[in-house]
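Hi,

Here is the structure I promised to pass on. Have a look at it first, then read my notes below.

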Amino acid sequence: MTLRMTLQNAARIARRELRGGLRGFRIFLLCLTLGVAAIAGVGSIRAGIEAGLARDGAILLGGDAEIELVYRFATPEERVWLDQFADGVSEIVDFRSMAVAGSGDTEDRALTQVKGVDANWPLLGDAVLDPPMTMAVALAGSDGLPGGVMDPLLVDRMELAIGDTFRLGTQEFRLMARLIREPDSSAGGFALGPRTVVGLPALADAGLLAPGTLYETKYRLDLPDGTDLASAEAAARA
């Protein structure tokens, strides 16, 4: 009896609600439509991101795989293994420093995220510079000074012109170009300042990579086709 009365009451309430047609369900239908659209949109975005990573993931990272070391470079034995294991290796050091232009009363300083690169960078993708030139030409510098490239924001902040000089630590560099596009910028993580890219050899006498200083080294690897990444990671850790 109780169940029958409950069902009857429910049916009576439902009939009353349906007397006005769908007018009483407008908000419900609108919420349902928005919910379905949101779920479909999230699914499409996720599929697009996954497809983009599958297609361009190596370029975004700067290699098929990366080995990162903290406060040190690879030992000679580790570097021999890297060179034998991968088809190509790019060595990068990343740290924060102050870029200095001028001297005395006209000295200007700005925080920058420095990337020291070797001759193989970028291992994948291309850096876009203004004025156009290769990274080899930019890092070679001119007039006896090694070269460097800077994010346009940093160039404008320090009021530099192409051909001007700036210092990192005790090393002076020639500004050769503006860095319009850094192919592996998405792998750089959080940065406190605009990017400056210089050659690794030029940092040797800058006094910025001495024991006890804070820096990270990254080794980007161009792996042979068909390499199993899980096995590669196990071999690298061993």
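Helix α6 gives the largest share of the lining of the largest pocket, 5 residues. Helices here are DSSP runs of H or I with at least four residues, strands are runs of E with at least two, and both are numbered from the N terminus. A pocket is an open set of points on a 1 Å grid over the protein atoms alone, where a 1.4 Å probe fits, with protein on both sides within 12 Å along at least five of seven lines; lining residues have an atom within 4 Å of a point.

Before you go on: this is a predicted model, where local features need pLDDT of at least 70 and side-chain atom pairs count only at 80 or more, while totals for chains, interfaces and linings use all residues. Residues are numbered from 1 along each chain as its sequence is written, and side-chain values use heavy atoms, with hydrogens and water left out.

Back to the pocket: 16 residues line it, and Glu66, Ile67, Ala232, Glu233 and Ala236 lie nearest its centre. Two or more lining residues come from each of β1 (65–70), α3 (76–85) and α6 (229–237).

Overall, the chain has 6 helices and 9 strands. Of its 238 residues, 33% are buried, meaning under 20% relative accessible area (1.4 Å probe, protein chains only).

Is Ser97 buried or exposed? Ser97 sits in strand β2 (residues 88–101) and is buried, at 10% relative accessible area. Leaving out residues up to four places away in sequence, Ser97 touches Ala110, Leu111, Thr112, Val114 and Leu208, where a contact means heavy atoms within 4.5 Å.

Cheers

Key. Buried < 20%, exposed > 50% of the residue type's maximum accessible area, 1.4 Å probe, protein only.
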